[in-house]
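Hello,

Here is the structure I promised to pass on. Please open it first, then read my notes below.

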Amino acid sequence: MTERLDVDALIDDPKTRIVVCCGSGGVGKTTTAAALALRAAERGRQTVVLTIDPARRLAQALGLRELGNHPRQVSVAGFEPKGELWAMMLDMRRTFDDMVRTHAGPERAEALLANPFYQTISTSFSGTQEYMAMEKLGQLAATDEWDLIVVDTPPSRSALDFLDAPNRLSSALDGRMIRLLTGPAKAGGWGLRKVVSTGFSIFAKAVSTIIGGQLLADASAFMQAFDSMFGGFRERARKTAELLRSEGTSFLVVAAPEPDALREASYFVERLGGENMPLAGLVANRTHPVLADLSATAALSAAEKLESTAPLATAVLQLHADRVALAEREKRLLARFTRAHPGVPLVEVPALPSDVHDIAGLREIGDRLAS
């Protein structure tokens with residue numbers, strides 16, 4: 001029998017410092033993260049929820065007009081938690097800018113921030129968002145202002161890309177080709193100018209045509225300014241990666257009871273296991289349990305007999321039969337997942353009749369998570 005995921009035991013445990021919600025898109029990760037954070041605050045913990053989802057659903061549900069790159073305390077009528085609840089949404093560019101200002105020194109920071117090459121990579125370079133999510137998580141953890149941090153992640157498999165992002169981003173910025181193209185190297189001066197002066201002018205012209213001479217100049221200036229903070233860049237990423245593997249961190253995989261979402265959930269479970277990341281369990285979100293003890297066959301048989309005399313009762317019985325069929329399909333899909341991953345605790349969260357748009361809705365989701 002599959003072990004039940006005890007959500008309250010997880011968020012009540014003072015050793016639990018970080019909960020990361022991951023899963024494919026459209027399964028309710030943002031809502032689940034917010035509901036967990038709200039429940040933890042109401043049960044006495046100093047909690048902050050970090051979302052990477054640019055949609056405004058979380059802010060609206062928490063009664064806030066908007067979320068920014070720094071935590072804001074949730075304080076609305078009817079919400080009087082024993083602890084505190086804070087919320088924020090990652091602003092990738094501002095996080096990168098803040099990191100530069102903190103670690104590069106005033107003059108060098110201004111040169112970096114104004115550099116067109118920096119302005120490009122800070123918003124569109126592969127891995128930047130995931131790295132900045134790790135940077136922000138590390139910043140939140142380092143303050144010790146909160147004893148629980150709940151992290152909402154990007155949709156689909158990119159939710160775990162932040163595990164690879166530091167290596168991918170630092171390797172790209174520190175790569176031999178970029179070093180070659182962006183300025184003289186420390187040993188021997190083998191930069192673009194050296195390449196040009198030693199007979200590789202055709203190669204250099206081709207590169208300048210493809211990349212653009214101005215971009216090469218901007219990249220050269222960027223790398224020279226970035227050198228001084230590059231070691232700290234990787235060192236902070238290493239520390240945050242260790243934090244994610246620590247005893248105080250737990251990953252929750254969120255999935256809808258649908259084939260594609262559960263396939264993604266299997267991927268997350270296997271990837272977390274392969275990375276030795278601490279998995280708490282699976283949240284099967286928006287399930288459709290049957291509340292009446294009546295089989296689909298019996299309901300359809302009764303509906304057929306009543307069709308001509310009681311159309312309303314007939315419609316209700318047909319709806320019940322459809323609900324039973326849906327519930328049985330979901331049970332089969334979840335059973336297939338648990339057979340493949342028998343050691344993963346699971347909790348089913350029945351779907352609400354409407355979308356969550358306020359504190360009361362988030363509280364209801366929290367109740368269902370823990371019921």
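First, how helix axes are handled: an axis is a line fitted to C-alpha atoms, for helices over the stretch in contact, and angles run from 0 to 180 degrees between N-to-C directions. Helices (H or I, at least four residues) and strands (E, at least two) are DSSP runs, numbered from the N terminus. This is a predicted model, where local features need pLDDT of at least 70, side-chain atom pairs count only at pLDDT 80 or more, and totals for chains, interfaces and linings use all residues. Residues are numbered from 1 along each chain as its sequence is written, and side-chain values use heavy atoms, with hydrogens and water left out.

**Overview**

The protein chain has 16 helices and eight strands. Of its 371 residues, 47% are buried (buried is under 20% relative accessible area, exposed over 50%, partly exposed in between, with a 1.4 Å probe and protein chains only). Take the contacts between residues at least 6 apart in sequence: 75% of them join residues at least 24 apart. Contact here means heavy atoms within 4.5 Å.

**H4 and its partners**

How do H4 and helix H5 (residues 106-114) cross? Their axes come within 7 Å, at an angle of roughly 150°. That makes H4 roughly antiparallel to H5 (under 35 degrees counts as roughly parallel, over 145 as roughly antiparallel, 65 to 115 as roughly perpendicular, the rest as oblique). H4 passes H5 in a right-handed crossing. A crossing is left-handed if the near helix is turned anticlockwise from the far one by less than a right angle, and right-handed if clockwise. On the H4 side, the contact uses Arg-93, Asp-97, Val-100, Arg-101 and Ala-104. On the H5 side, the residues include Pro-106, Arg-108 and Leu-113. By class, this contact has six nonpolar, no polar and five charged residues. Ala, Val, Leu, Ile, Met, Phe, Trp, Tyr, Cys and Pro count as nonpolar, Asp, Glu, Lys and Arg as charged, and the others, Gly among them, as polar.

Now H7. The axes of H4 (residues 92-104) and H7 come within 9 Å and cross at roughly 60°. The two helices are therefore oblique to each other. H4 passes H7 in a left-handed crossing. H4 brings Met-92, Thr-95, Phe-96 and Met-99 to the contact, while H7 brings residues including Tyr-131, Met-132 and Gln-139. This contact has five nonpolar, four polar and two charged residues.

H7 (residues 128-143) has 16 residues. Its first and last C-alpha atoms are 23 Å apart, close to the 22 Å expected at 1.5 Å a residue. The expected span is 1.5 Å times one less than the number of residues. Among the buried residues of H7 are Ala-133, Leu-137 and Gly-138.

Most residues other than glycine have a negative phi. Just after H7, Asp-144 has a positive phi of about 60°. Asp-144 lies in the loop between H7 and strand E5 (148-152). Is Asp-144 buried or exposed? Asp-144 is exposed, at 58% relative accessible area.

Asn-276 also has a positive phi, near 60°. Asn-276 sits in the loop between helix H13 (259-274) and strand E7 (279-287). Asn-276 is exposed, at 61%.

**Ala-35**

Ala-35 lies in helix H2 (residues 29-42). Ala-35 is buried, because its relative accessibility is 1%. Beyond its neighbours within four places in sequence, Ala-35 is in contact with Leu-362, Ile-365, Gly-366 and Leu-369.

Best wishes
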